[in-house]
Every structure is written in C-alpha cells, then in structure tokens.
Amino acid sequence: MNAVMERYRALTEREQYLVLLSGIVIIIALFYFAIWSPLSTSVAQQRALLDSQQELLVWVKDSAQRAQQLRRSQGASSAFSGSLPQAVNRTTAQHSIAIARMQPQGDELQVWVDQAPFNSVLDWLQSMEQMGIIILQADITEADSAGYIKIRRLQLGKA
C-alpha cells in the first residue's frame, strides 16, 4: 500500500486529480453495475410475477364461483347405472377432450388427460356429475399453455 501512495504522491497535482476522479467514476460504475442494476431488474421481475399470480388468483376464484354455482344449480343428481368408460368416452368427445389413459378399478375409473382447456374440463366434469358420476379424487396441474391444464389422475365413481 505504501508503494501505491508513493506513486500517487509522485504524480503532478493535475494527474492526482484525474486519478481521484477516475477512482470515483469506477466506484460509482461498480456500484451501479454490480448492485443497483441487478437489484432493480430483480424487483421488476418479482413485481411482474406478483401481478401475474394475482391475475391467476382472480381467475381461479371466478372459476371456483362458477363451479359452485353450477353445482348448486344441478340439484340432486341421480345415481349412474351405465358403464363408466363408455360415459367418459361419450362426454369427452362432446367436450373435445383427449384422454391419454383410462384404467378401470372395480366400480371406479381412473382417467389421465395430457392437456385440455380448463373451461372445457369444468363443463365436462359438470356433465359427468349431472349423469350421477362422482369425482372421488383429482390431481390437476397447469399445463404449458395459458388456460390449459393436465389431469394427472382423476378418479371417478358411481353415486
């Protein structure tokens, strides 16, 4: 450190002023590019993520209210007496939902769907409940496209 100070003192007054000024500019640039800019970018990304999550929450709440209204308006459903696989095939065709896999298990049926529009799935499930088919268990996740979902496993049974 002493060697640096000696070299600094050996400079002329104008050179010392330029070295000091460049040091200040370098410190400000380091602060901006190493701390301020990444922090500002991160905050902006998190705000955008929060906004999109809030929009998704509003959409899910609206869809949940719609599902509850549909369930209430349906009234008491009658017991289903036909074949579950046939009913599922017929109703998915009506709602343009492609089934990836179906697996019967006694009086129950498990269904997998790779990708389907959320609203179509809601309409499909409502029509299944109106027929007297009950949803025993559902494992649903969002798909790659907006407004689409994947049904990892949907377990259906007779009422």
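Predicted model: local features only at pLDDT ≥ 70, side-chain atom pairs only at ≥ 80, totals over all residues.

Reader: Which residues touch the most other members of the largest nonpolar core?

Author: Start with the general idea. In soluble globular proteins, nonpolar side chains tend to be buried together. Here the largest nonpolar core has 19 residues. V88, V111, V121, W124, L154 and L156 touch the most other members.

Reader: Which elements each supply at least two residues of this core?

Author: Helix 3 (84-94), strand 2 (108-117), helix 4 (118-130) and strand 4 (148-158) do. Helix 4 gives the largest share, six residues.

Reader: What is L156 in contact with, beyond its neighbours within four places in sequence?

Author: Its partners include L84, V88, V111, M128 and I134.

Reader: Which residues of helix 4 are buried?

Author: F118, V121, L122, W124, L125, Q126, S127, M128 and E129 are. After helix 4 comes G132, with a positive phi near 100°.

Reader: Now helix 3. Where do its buried residues lie around the axis?

Author: First find them: L84, A87, V88, T91 and T92 are buried. They cover an arc of only 120° around the axis, so they sit on the same side of helix 3. On the other side, Q86, A93 and Q94 are exposed.

Reader: What do the buried residues of helix 3 pack against?

Author: Strand 1 (101-105), strand 2, helix 4, strand 3 (133-142) and strand 4. Just after helix 3, S96 has a positive phi of about 55°.

Notes: Residues numbered from 1 in each chain as written. Heavy atoms only, no water. Core = buried A, V, L, I, M, F, W, Y, C linked by side-chain atoms within 4.5 Å. Buried < 20%, exposed > 50% of the residue type's maximum accessible area, 1.4 Å probe, protein only. Helix = DSSP H or I, 4+ residues; strand = E, 2+ residues; numbered from the N terminus. Contact = heavy atoms within 4.5 Å. Arc of directions from axis to C-beta.
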